[in-house]
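Please read each one against the structure.

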Amino acid sequence: MNDNADQPSVLHRARLALSPEPAPVLLRAGIAVLIDIAVVYLVVHAVLVAVGYGPDGLTHAVLPAVFGGMFAFLGSLGGSTRSGLLRAVGLSVAAVPLTLLAIVVRDVPIASAAAMAAVALGAGALAWYGEPLATLGSVLLYMFFIPLVFGAGSGVPLRFLLVSFGAMIVTTVALRGVAALVPKHRAPSRVKATDEVVHAHRLTPVAQPQLSRLHRTTTRSAIGLALGAFVMSVTGDHNAVWVLMTLIALIPPAMPLTIDRVLQRLAGTVLAMAVLTTVDALVPAGPLRLLILAPGIVVTIAFMRRSYTLSVLGISTVAVLAYAQVEAPLGEALLYRGLDTLIGAVIAIALALLIPVGRRPHPVWATRPTAPRVDPR
């Protein structure tokens, strides 16, 4: 009797991989983060102008605080008012050394690789203890990663960076306080990085065999991201940036690589290329294209757990527009984005083969959960 007779076909598995998952759409969280980005940008921009920062490179000087505030606010959502405010303070303060570290090491290949590996290992180590520490690790990882890949803050005098972060911290905490005033049933939900159930004050590692899988996932992620950071720092090439962004999406420290995730990443990139091609043809180059960033950010957050494909569509749209700049044609950026995503996927799969997670030495299809994966608290 053929044991493979009852196995789903590859086409069936692919359709399942691209279908929505049993998790809510975090629309309120996406809108809240968008508001946070806009308010922090305006406040930090005004503060830097007030303290004498010139018009040249002003947006570049504002972005590090905006990135840090965005992740701090996202990580502070959910929970009680007290815990949310404490997380807003702690995470927004943590963004300062992580951003400064990214700025310092970005142009030093060995230091860049070592710092990337260390931060990835730290994020993975937090994930070994389940939620909410796994999400904390992911937030801290991206606080370092985004300034590193985009070079945000490079060349900005330290005193202006510190002033901008001071304004960001105050604004982020204030916005989290405003979010606490929203009725509980309408408040933005907590976003989780993994499928783990949230356990209050959990200080023991997750059970085996999951812990062993996470150990190897963390090792694989640290190696892959360190190599990517090294190449990016050596070459200074934007292709390496896109490859590294694909790697962190496919081999994060807290989540094993699956065939589903590769397919979702590729599908999301293809959709983003179609959307951006339409934007390039219909929306004139210039500030009008900034309007596309808002729905892209909301979609990225809202579908983070519901549909990774749509989340990739959102973040790819935002990243290409931001990196290519709204005044420039998008054709070249789209071409590189597609090719580099494929390269990143190939590298991720190669790492999965060289450093297998679990007993099977190859990427596997994901096992779908049967219950919602976002803690509504």
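This is a predicted model: local features need pLDDT of at least 70, side-chain atom pairs count only at pLDDT 80 or more; totals for chains, interfaces and linings use all residues.

1. The crossing of helix 4 past helix 6 is right-handed.

2. Which residues make this contact? From helix 4 they are L91, A94, A95, L98, T99, L101, A102 and V105; helix 6 supplies L136, V139, L140, M143, F144, P147 and L148. By class, the contact of helix 4 with helix 6 has 14 nonpolar residues, one polar and no charged. As a general point, an α-helix has 3.6 residues a turn, so residues three or four places apart point the same way.

3. Helix 6 itself covers residues 133–150. Just after helix 6, G151 takes a positive phi of about 65°.

4. Which residues of helix 6 are buried? They are A134, T135, G137, V139, L141, M143, F144, F145, I146, P147, L148 and V149. Their cover includes helix 3 (58–76), helix 4 (81–105), helix 5 (109–127), helix 8 (210–235) and helix 9 (238–250).

5. A second pair to inspect is helix 2 (residues 27–50) with helix 11 (residues 290–302), whose axes come within 7 Å and cross at roughly 135°. Helix 2 and helix 11 are therefore oblique to each other, because an angle has to be over 145 degrees to count as roughly antiparallel. Helix 2 passes helix 11 in a right-handed crossing.

6. On the helix 2 side, L27, A29, G30, I31, V33, L34 and I37 take part; they meet A294, I297, V298, I301 and A302 of helix 11. The contact of helix 2 with helix 11 comprises eleven nonpolar residues, one polar and no charged.

7. Is T269 buried or exposed? T269 lies in helix 10 (residues 259–282), and its relative accessible area is 3%. T269 is therefore buried, as the cut-off is under 20%. Leaving aside residues up to four places away in sequence, T269 touches V312, S316, R337, G338 and T341. The C-alpha atoms of T269 and L313 are separated by 6.0 Å, although these residues are 44 apart along the chain.

8. For the chain as a whole, there are 13 helices and zero strands. Of its 377 residues, 49% count as buried. Among contacts between residues at least 6 apart in sequence, 81% join residues at least 24 apart.

Technical notes
Residues are numbered from 1 along each chain as its sequence is written. Side-chain values use heavy atoms; hydrogens and water are left out. Helices (H or I, at least four residues) and strands (E, at least two) are DSSP runs, numbered from the N terminus. Buried means under 20% relative accessible area, exposed over 50%, partly exposed in between (1.4 Å probe, protein chains only). Contact means heavy atoms within 4.5 Å. The expected span of a helix is 1.5 Å times one less than its number of residues. A crossing is left-handed if the near helix is turned anticlockwise from the far one by less than a right angle, and right-handed if clockwise. Ala, Val, Leu, Ile, Met, Phe, Trp, Tyr, Cys and Pro count as nonpolar, Asp, Glu, Lys and Arg as charged, and the others, Gly among them, as polar. Axes are lines fitted to C-alpha atoms, for helices over the stretch in contact, and angles run from 0 to 180 degrees between N-to-C directions. Angles under 35 degrees count as roughly parallel, over 145 as roughly antiparallel, 65 to 115 as roughly perpendicular and the rest as oblique.
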